[in-house]
Amino acid sequence: MTRRTAWLFPGQGAQRRGMGRDLFDRYPEAMAAADRILGFSVRELCLGDAGERLTDTRYLQPALFVVNELTRRAYAAREPAPDFLAGHSLGEYNALLAADAFDFETGLALVARRGELMGRATGGAMTAVVGPGAARIADLLAEAGLGDVDLANLNSAEQVVLSGPAESLRRAAGAVTAAGAGRCVPLRVSAAFHSRYMADAAREFAAFLDGFELRDPRLPVIANVTARPYRPGEVRRLLAAQVHSAVRWSESMRHLLARGVDRIAEQGPGRVLTGLWDAAVKDAANGPAPAPRRAAGGDPAPPAAGAAPPAVGAAADAAPGTGPASAPSPAAGSATPLADRPAEGVPGPTAERLGSAAFRADYGVRYAYLAGSMYKGIASTELVARMGRAGLLGYFGTGGLRMERIEAAIAALRAELGPGGGFGMNLLHALHDPALEEATVRLFLRHGVRFVEASGFTQPTRALVLYRLSGAHRDGAGRAVAPNRLLAKVSRPEVATAFMEPAPEALVRGLLADGLLTAAEAGAGRALPLAGEVCAEADSGGHTDAAVAYTLMPAMTDLRDRIVAERGYPDGIRVGAAGGLGAPESLAAAFVLGADFVVTGSVNQCTPQAGTSDAVKDLLAQADVQDTGYAPAGDMFEIGARVQVLRRGTLFAARANKLYQAYRRYDGLEAIDAKLRRTIEEGWFRRDLEQVWKETREYHLRAGRPQEVERAERDPKHRMALVFRWYFVHSTRTAMRGDPAERVNYQIHTGPAIGAFNRFAAGTALADWRNRHVDAVAEALMAGAAEVLRDRFSSLGR
């Protein structure tokens, strides 16, 4: 087996007086450049430091950067280049320099500014937790109600660094000591580094980065923020995010082990990182790390990784953060993709290469995998942010939310993920309210939302065209391009056709006439599909046409191929798959059927990040594949549209269907027979129908829809429909609240995928939904799909 090596660069905490003594005279040009750029003598700082500036972040960071780089130069003169590079916090800049992402002088300018911004920050503190119970720190923080403390450094199972307000850290230390989980060591830092409290510094640093040329690394560099190699175009975004995100070191080391690395060389003044590597190796020999647990405030706890930690000082620079700790990466050798053909000699698909490489690049994701939206914020900001921090993308569930709540969600995601962070928003078709639809799109455009998932649409609308074509233009080569990525979820070929064709000319002309599109945007739009991504949605939770994936996917890909050939779109159209994706075998089948990407839904509702009640998650975690049924859709009640819901543990589906039957049979509330009316009022609604109408009437008047009230007072059947719709709103609200008295009425949108995932997770840490972090679900499904494909290929003699 080929041996693989990695060079590791330490961060703040590895410094010592006298570091670099044997190196400075060997590289006089580098030392002269450093002194000129920094305005002080690195030699004097490291060898003398009478004023103890070596403990000051503003001076220490650039000095350590210089010593790390000179150590690398000396080592590289006698050793071959490594296969991978990684650096702990500040050390990541050395790793990027070694990979030629920027030159030495640029690196010095960056770390000097970084040190200045971090040194200027005040008002917080950091504490290292060392001991066998450190991996449980997230649970201890949650139990103590310390939601304002972030996990800054996830170094190993026995070393975690906390960041946050000083008083909260004192309380955290007390909780750790009381639980016998280890000892707490306050760190000598001026602020809560690598945490949410560094968001302002991160924004300033992002603006500073814009003034420099940053190249893609020539060698794989593991990023602290994602614990995965940098992808094209990510250097600027991830360096800015690193300032306020956790250093996911133990996960980074597991990733190197999974990629076959068996030898490391620490390039710096000490052996701090060598101890963490040894801990990771020891842990890997003892079996896979358990699934991560949720930290206080929704932040991820560190996955258990290594044993014996190095000196506590190693944690100082890689302080606090809100970065996620995702599930362990698949073992080395677990499969490789379909749309991306494996390189010669590679044994089969890997999770990172399943699906379309162009899709991964355009969406800025590690996997061709998205977490779809779930209405009323069930696909929450916490869920979407966790996906973004893991190098993945999710869509916030805007359906049924007020505009101010949607705007607040966008602001929260921007603050959490930084200026370049990836996230998407859902646009649910407002059949009876096109003005709401357009107002939502204008909000997205005002805030620069680049990814939108369109669901429930049966034809293009003015709002969709406005979103897609805003900013469309011809590039220098004359190619039509659009900055806004629109993903349309469809289940019928005729609807897919409308999204694969250019925007309808009548809608384009209307937007032109209203001054909402320019002539240049309209012209470019005529050479583009309305949706660059079309997702074939088979039978799924929520609204469904009960389509079958095995027949729907080939129809969609054939349609796509024909339209792209006819239109000559420069970037084609990507077709994805959704619905029923709850087990690795299901994802593998989707990729075999030609999916460029996959979108999950039901499985994400049963995660700690989902914005619904624990009671709902408990029910979902017990479901099997046969435990779902169909019910009328509350928002399209009158036309008989259906949603798929959980049937086990709730009577919602049966009651909702009987309400629809009553609506079809009777002309108004007064016509309902006495027995059925008594059952509805006393057993289902627990209030009389006139009281429900009074509440409904007041709601529509407050919402500025008096026409609904006027129509209902003229038309008894419409009044009955509005009263019955109340039950659908009520059943959703009680489920999301987890009201135990209303459990039989819970409306829980889900498909059989949740039962498939429960079967897949049985007997593992993921059997408990509290361990099913949304990114861990993604990792498990994608790694499993790759393994399924590898095994199938092997059985066929490939």
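Me: What makes E1 and E8 a pair, and in which sense do they run?

Reply: Strand E1 (residues 4-9) and E8 pair in the parallel sense over 5 bridges, and two strands count as paired if DSSP finds at least two bridges between them. One of the bridges joins Arg4 to Val261 in E8. Strands here are DSSP runs of E with at least two residues, and helices are runs of H or I with at least four, numbered from the N terminus. This is a predicted model, where local features need pLDDT of at least 70, side-chain atom pairs count only at pLDDT 80 or more, and totals for chains, interfaces and linings use all residues. Residues are numbered from 1 along each chain as its sequence is written, and side-chain values use heavy atoms, leaving out hydrogens and water.

Me: Why are E7 and E8 called edge strands?

Reply: The open sheet of 4 strands has the order E7-E2-E1-E8, with parallel pairing. Strand E7 (221-222) and strand E8 (261-266) each pair on one side only, so they are the edge strands.

Me: Why is Cys535 called buried?

Reply: Buried means under 20% relative accessible area, exposed over 50%, and partly exposed in between (1.4 Å probe, protein chains only). Cys535 is at 0% relative accessibility, so Cys535 counts as buried. Cys606 counts as buried too, because its relative accessibility is 0%.

Me: How many disulfides are there?

Reply: A disulfide is a pair of cysteine sulfur atoms within 2.5 Å, and the count by this rule is 0.
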